[in-house]
Amino acid sequence: MTTSAPLLPPGLDQVANRIARMFKHRRKWARRSGVTCFRVYDRDIPDQPLVAEWYDGDAVVWAYDRARNETPEQETAWLAGVVAAAASGFGIPTDRVVLKGRRRQRDRHLAAEEREGEGQYQPLATDPAAGPAAGRKVVKTVLEHGLSFEVNLSDYLDTGLFLDHRELRARVRAEVAGKRLLNLFAYTGAFTVHARAGGAAATTTVDLSNTYLDWAGRNLALNGFQPGPFHTCIRADCLAWLAQAPPAGWDVIVCDPPTFSNSTAIRQSFSVERDHPGLVAQCCRCLAPGGTLWFSTNGRGFRLDAGAIPNDFTASDCTAATTSEDFRDRVPRRVWRFARA
Ligand SMILES: C[S@@+](CC[C@H](N)C(=O)[O-])C[C@H]1O[C@@H](n2cnc3c(N)ncnc32)[C@H](O)[C@@H]1O
């Protein structure tokens with residue numbers, strides 16, 4: 001077992017202290033909420049651009065580029081210090097800290113908030129800069145409001161559960177009883193799991209990736225939910241699929257597209273800024289009377305085009321209402337609720 005370093009360079013000692021303080025505070029809230037994974041540090045100290053999340057005994061730390069001209073040796077030393085600081089803050093050995101991100105591979109610097117489609121979901125386990133946890137496969141089950149989810153901390157840039165969606169998932173779960181849910185860009189199906197726990201009459205889960213759909217199937221099974229005629233997972237390009245989907249077929253739609261995607265599996269590239277009006281229009285067409293569309297994006301500087309709101313719909317900004325305790329300091333995404341006026 002590797003132990004955490006007691007001596008930390010200036011700046012990283014503050015990171016360790018901040019993590020320790022927030023971890024203690026949020027752990028109590030998480031325990032009360034049936035949650036075992038949560039964010040603890042989010043670029044709180046400007047010179048230490050890190051994001052740290054807790055996954056029930058393991059920590060994941062994303063390291064961003066620092067605006068400095070560091071030598072590779074200085075950078076390596078900083079990353080080693082980051083691991084030590086996180087281990088010290090969380091009170092765990094350094095080999096339980098999974099480090100992601102490296103200056104010389106800029107694509108890996110994109111944090112969860114900036115992911116842009118499947119192209120960025122690259123394996124990281126063999127990255128030698130990943131610290132003492134490098135090479136250790138970390139796949140485990142965590143809890144969110146009492147439901148179980150498989151997370152993979154070692155092999156992808158993201159873990160399989162976007163924690164910033166926790167409150168929106170709870171909201172969907174609370175409003176979906178007896179209704180039909182359409183989960184677009186579903187990733188590992190977390191919205192679908194919550195919808196089934198909330199008593200959804202039918203669920204349709206659509207994603208381009210078989211890897212993520214298989215993962216969604218495992219998440220559903222973990223919670224005792226089986227596929228069936230009313231509960232289907234579909235591998236498709238959401239845009240092409242929506243265009244031929246029946247009108248008024250769903251009561252609740254969750255649409256959380258990537259900021260940008262140019263996967264070879266889709267006909268043309270997707271940009272949320274450019275393409276959201278058409279996407280929202282298609283979603284609204286598929287909503288039954290009285291239905292709700294939850295549209296979410298983490299696109300930086302995204303502006304909802306006024307023309308994207310169909311004439312007979314209203315769109316309310318529900319970002320604050322769907323932001324969880326551990327994301328209040330830095331809201332990574334915007335959320336709108338579309339409903340017929
Ligand atoms: C932003 S994540 C979605 C996160 C998910 N809504 C959640 O909260 O867990 C992006 C997902 O969109 C999928 N994706 C990207 N482009 C797609 C497309 N054109 N059609 C369907 N799925 C797509 C990716 O495979 C990935 O699973």
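Reader: Where does Tyr187 lie?

Author: Tyr187 sits in the loop that runs between β7 and α4. Bear in mind that this is a predicted model.

Reader: How should I read its backbone, and what is the phi of Tyr187?

Author: Most residues other than glycine have a negative phi. Tyr187 is not a glycine, yet its phi is positive, at about 55 degrees.

Reader: Is Tyr187 buried or exposed?

Author: A residue counts as buried if 20 or more other C-beta atoms lie within 10 Å of its own. Tyr187 has 23 C-beta neighbours inside 10 Å, so it is buried. Tyr187 also belongs to the residues that come nearest to the ligand, together with Phe185, Leu208, Cys238 and Asp256.

Reader: How many residues are around the ligand, and how do they divide by type?

Author: There are 21 residues around the ligand. The shell consists of 12 nonpolar, five polar and four charged residues.

Reader: Which other residue has a positive phi although it is not a glycine?

Author: Ala248 is one, with a phi of about 55 degrees. It is found in the loop between α6 (238–243) and β10. Ala248 has 11 of them within 10 Å, so it is exposed, whereas Tyr187 is buried.

Reader: Now the sheets. What is the order of strands in the open sheet of four?

Author: Strands of a sheet pair through backbone hydrogen bonds, either parallel or antiparallel. In this open sheet the order is β1-β2-β3-β4, and the pairing is mixed. The edge strands are β1 (37–42) and β4 (97–100); each has a single partner strand, so one side of each has no neighbour in the sheet. On average, neighbouring strands are turned by 20 degrees against each other, direction ignored.

Reader: How do β1 and β2 pair, and what packs on the sheet?

Author: β1 and β2 (residues 50–55) are antiparallel, with five bridges between them. Within this pair, Cys37 stands opposite Tyr55 of β2. Helix α1 (residues 12–33) packs on the sheet and touches β1 and β2, its direction making about 150 degrees with that of β1.

Reader: Which residues is Val272 in contact with, leaving aside its neighbours within four places in sequence?

Author: Val272 lies in helix α7 (residues 272–285), and its contacts are Pro257, Thr259, Thr297, Gly299 and Phe302. With 20 other C-beta atoms within 10 Å, Val272 is buried. Val272 and Leu304 are 32 residues apart in sequence, and their C-alpha atoms are 9.7 Å apart in space.

Reader: And for the whole chain, how many helices and strands are there?

Author: The chain has seven helices and 15 strands. Of its 341 residues, 44% are buried. Among contacts between residues at least 6 apart in sequence, 68% join residues at least 24 apart.

Conventions
Residues are numbered from 1 along each chain as its sequence is written. This is a predicted model: local features need pLDDT of at least 70, side-chain atom pairs count only at pLDDT 80 or more; totals for chains, interfaces and linings use all residues. A residue is near a molecule or strand if its C-beta atom, placed from the backbone, lies within 6 Å of it. Ala, Val, Leu, Ile, Met, Phe, Trp, Tyr, Cys and Pro count as nonpolar, Asp, Glu, Lys and Arg as charged, and the others, Gly among them, as polar. Two strands pair if DSSP finds at least two bridges between them. Helices (H or I, at least four residues) and strands (E, at least two) are DSSP runs, numbered from the N terminus. Axes are lines fitted to C-alpha atoms, for helices over the stretch in contact, and angles run from 0 to 180 degrees between N-to-C directions. Two residues are in contact if their C-beta atoms, placed from the backbone, lie within 7 Å. A residue is buried if 20 or more other C-beta atoms lie within 10 Å of its own, exposed if 12 or fewer, and partly exposed in between; C-beta atoms are placed from the backbone.
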